[in-house]
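Could you walk me through this protein model, with the cut-offs spelled out along the way?

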Amino acid sequence: VTKSDTPQLPIMNYDESILCAQNLLGASPAHSGAVMKLHAPAIYTFLPATIQWFISRFCPKFMAPQWKRRYLIAVGEYLYRFKDEDGTTPKGAPIAIGPISVQIVTEQDVLNFLPPGCDAVFEVSSVAKTQYFAAQSSEDAALWVNTLKEMRQACITRQMGHSKDMGYPESWAKYDTSARRLIERKARIKSRLEALNKKEQEMQTLGGSGVGYYS
């Protein structure tokens, strides 16, 4: 088989810069809107409830969970978070909708910290982590939950090879592909940073033990 005989796949635009909020809003998303996202220091989630309560009330704000405004856009097979509806790049990696679970939050320890103007919270859980979003009303939260569940089911149906074109415009393919590339790039960066941190810790351990070596 010569090079000319090899079937050529169509070239698509995989530029990650297309993942701006205005582009996604123009792609007929399943749902979009402003919410408040709960940000908590990693160590906070492992502390006993009594210590969490103390930190939230008496310690500096940077040590306690905080709610930050985010603009969510659910389109294709991903959920995107932006600072606002004019955001040029997503905040963090896009969330793949296929593997997630989503539900209304009923735990009182979360509801006790609702931000002003919000009456309900929904959570989006993946293998990696659980994220909490506050909505203005229980109806808004329920709409997000129902929309994401419907998108998840549609995603699973397409992955199984059934009804591939059902509710999935062809224009969404470029956004989904760019989202996957963005996730992969962030994963590579995270892996490199972890490797560098590990190497630095090993160097500090060797230095502290007084053992010298040549590289």
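## How to read the model

This is a predicted model, in which local features need pLDDT of at least 70 and side-chain atom pairs count only at pLDDT 80 or more, while totals for chains, interfaces and linings use all residues. Residues are numbered from 1 along each chain as its sequence is written, and side-chain values use heavy atoms, with hydrogens and water left out.

## Confidence along the chain

The score to keep an eye on is pLDDT, the predictor's confidence in each residue on a scale from 0 to 100. Its mean over the protein chain is 80, with 75% of the residues at 70 or more. Strand β3 (residues 78-82) has the highest confidence, at 97, and helix α2 (residues 49-58) the lowest, at a mean of 49. Helices and strands here are DSSP runs numbered from the N terminus, with at least four residues of H or I for a helix and at least two of E for a strand.

Two stretches call for some care. Over residues 1-13 the pLDDT is below 50, and the model gives this stretch seven contacts beyond near neighbours in sequence. Residues 51-55 also stay under 50, with nine contacts beyond four places in sequence. A contact means heavy atoms within 4.5 Å. Where pLDDT is low, the predicted coordinates should not be read in detail.

## Two nonpolar cores

A nonpolar core is a set of buried Ala, Val, Leu, Ile, Met, Phe, Trp, Tyr and Cys residues joined through side-chain atoms within 4.5 Å. Buried means under 20% relative accessible area, exposed means over 50%, and partly exposed lies in between, using a 1.4 Å probe and protein chains only. The largest core has 18 residues, and L72, L79, F122, V124, W144 and L148 have the most contacts inside it. Two or more residues come from each of β2 (66-75), β6, β7 (130-135) and α4 (138-159), and α4 gives the most, with five. A second, separate core has 16 residues, including L19, Y78, W172 and L182.

In soluble globular proteins, nonpolar side chains tend to be buried together.

## Aromatic pairs

There are three aromatic pairs in the structure. Rings of Phe, Tyr and Trp (its six-membered ring) pair if their centres lie within 6.5 Å; planes under 30 degrees apart count as stacked, over 60 as edge-to-face and the rest as tilted. Y78 and Y80 form a tilted pair, because their ring centres are 6.4 Å apart and their planes meet at 50 degrees. Both of these tyrosines are buried.

F122 and F133 form a stacked pair, 5.5 Å centre to centre with 25 degrees between the planes. This pair links distant parts of the chain, with F122 in strand β6 and F133 in strand β7, eleven residues apart. F122 is buried at 0% relative accessibility, and F133 is buried at 0% too. Together with W144, F122 and F133 form one aromatic cluster. Leaving aside neighbours within four places in sequence, the contacts of F122 include V35, L72, I104, A141 and V145.

## Strand pairing around β7

Two strands pair if DSSP finds at least two bridges between them. β6 and β7 run antiparallel and are joined by six bridges; they form a hairpin with four residues between them.

S125 lies in strand β6 (residues 120-125) and counts as buried because its relative accessibility is 12%. Its side chain makes a polar contact of 3.0 Å with that of T130. A polar contact is a pair of N or O atoms within 3.5 Å; within protein, one must be able to donate a hydrogen and the other to accept it, and residues adjacent in sequence count only if both atoms are side-chain atoms. Beyond its neighbours within four places in sequence, S125 is in contact with P99, I100, S101 and T130.

S28 sits in the loop between α1 (21-25) and β1 (31-39). Its phi is near 55 degrees, a positive value in a residue other than glycine, and S28 counts as exposed, at 55% relative accessibility. F113 is in the loop between α3 (108-111) and β6 and is partly exposed, with a relative accessible area of 33%.
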